[in-house]
Amino acid sequence: MIAAIAFGLALLEAQSAAPRRVAITIDDGPVVNEMSDLGRFQRITNGLIGSFQVEKVPVTMFLNERQLNVQGQRDARAAVVEQWLNAGFELGNHTYSHPSPNKVSVSQFLDDVVKGEVVTRALLEQRGKQLVWLESCTAGTSRPTRTGRLQGHGHALRVDPAVALRYD
Ligand SMILES: [Zn+2]
């Protein structure tokens, strides 16, 4: 019995020695479909940030900057993005308006990529960081083809084996 337990513990130790990493990402951030109620937008953000901080979960949030472009609320919504950075989390570009790269032209998709990084890139660079990640949750199975097309248009992106596209 003791030998079996010792063997089991040794097995667990061997398994836990193997490096394992998990990336937690949130798409459609900061708060999908909340385009009018600033208070609700802020409360949801505070709840998410607080929960991830308590659990010490490293998170990358992918933004659709369209959510920041609400007349009379732009500065307050950008401040919500700063909260994510101040909490120590990473940010990525999820395009401006979430178009499917399979349903719009390459130039339309690239325009949306560039439009989607205006606030995010500036906030990251203010902190000496770079915008690294671009993710499109509608990429589907055509990702390699789409990426090749994007590279052909001067945007150096490559497919990350896990989830996202990376700016190079
Ligand atoms: Zn999405």
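These legends go with a set of close-up views of the chain.

A few notes before the close-ups. This is a predicted model, where local features need pLDDT of at least 70, side-chain atom pairs count only at pLDDT 80 or more, and totals for chains, interfaces and linings use all residues. Residues are numbered from 1 along each chain as its sequence is written.

View 1. Helices (H or I, at least four residues) and strands (E, at least two) are DSSP runs, numbered from the N terminus. Along the sequence they run α-β-α-β-α-β-α-α-β-α-β-β. Of the 168 residues, 23% are buried; that word means 20 or more other C-beta atoms within 10 Å of a residue's own, while exposed means 12 or fewer and partly exposed is in between, with C-beta atoms placed from the backbone.

**View 2. The largest nonpolar core, 12 residues in all.** A nonpolar core here is a set of buried Ala, Val, Leu, Ile, Met, Phe, Trp, Tyr and Cys residues joined through C-beta atoms within 7 Å. Its members include Phe41, Leu48, Val59, Met61, Val80 and Trp84. Helix H2 (38-54), strand E2 (59-63) and helix H3 (74-86) each give two or more residues, and E2 has the largest share, with four. In soluble globular proteins, nonpolar side chains tend to be buried together.

**View 3. Helix H2 and its two sides.** H2 has 17 residues and reaches 24 Å from first C-alpha to last, close to the expected 24 Å (1.5 Å times one less than its number of residues). Phe41, Thr45, Leu48 and Ile49 are buried in H2. They sit on the same side of H2 because they cover an arc of only 95° around the axis, taken from the directions from the helix axis to the C-beta atoms. On the other side, exposed residues include Arg40, Asn46 and Ser51.

**View 4. Where H2 meets H3.** The buried residues of H2 pack against H3. Leaving out residues up to four places away in sequence, Ile49 touches Gln83, Trp84 and Ala87; a contact needs C-beta atoms, placed from the backbone, within 7 Å.

**View 5. Val31, in the loop between strand E1 (24-29) and H2.** Val31 is partly exposed because 18 other C-beta atoms lie within 10 Å. Beyond residues up to four places away in sequence, Val31 touches Phe41, Ile44, Thr45 and Gln67. Leu68 is 37 residues from Val31 in sequence, yet 9.7 Å away in space, C-alpha to C-alpha.

Note on methods. Two residues are in contact if their C-beta atoms, placed from the backbone, lie within 7 Å.
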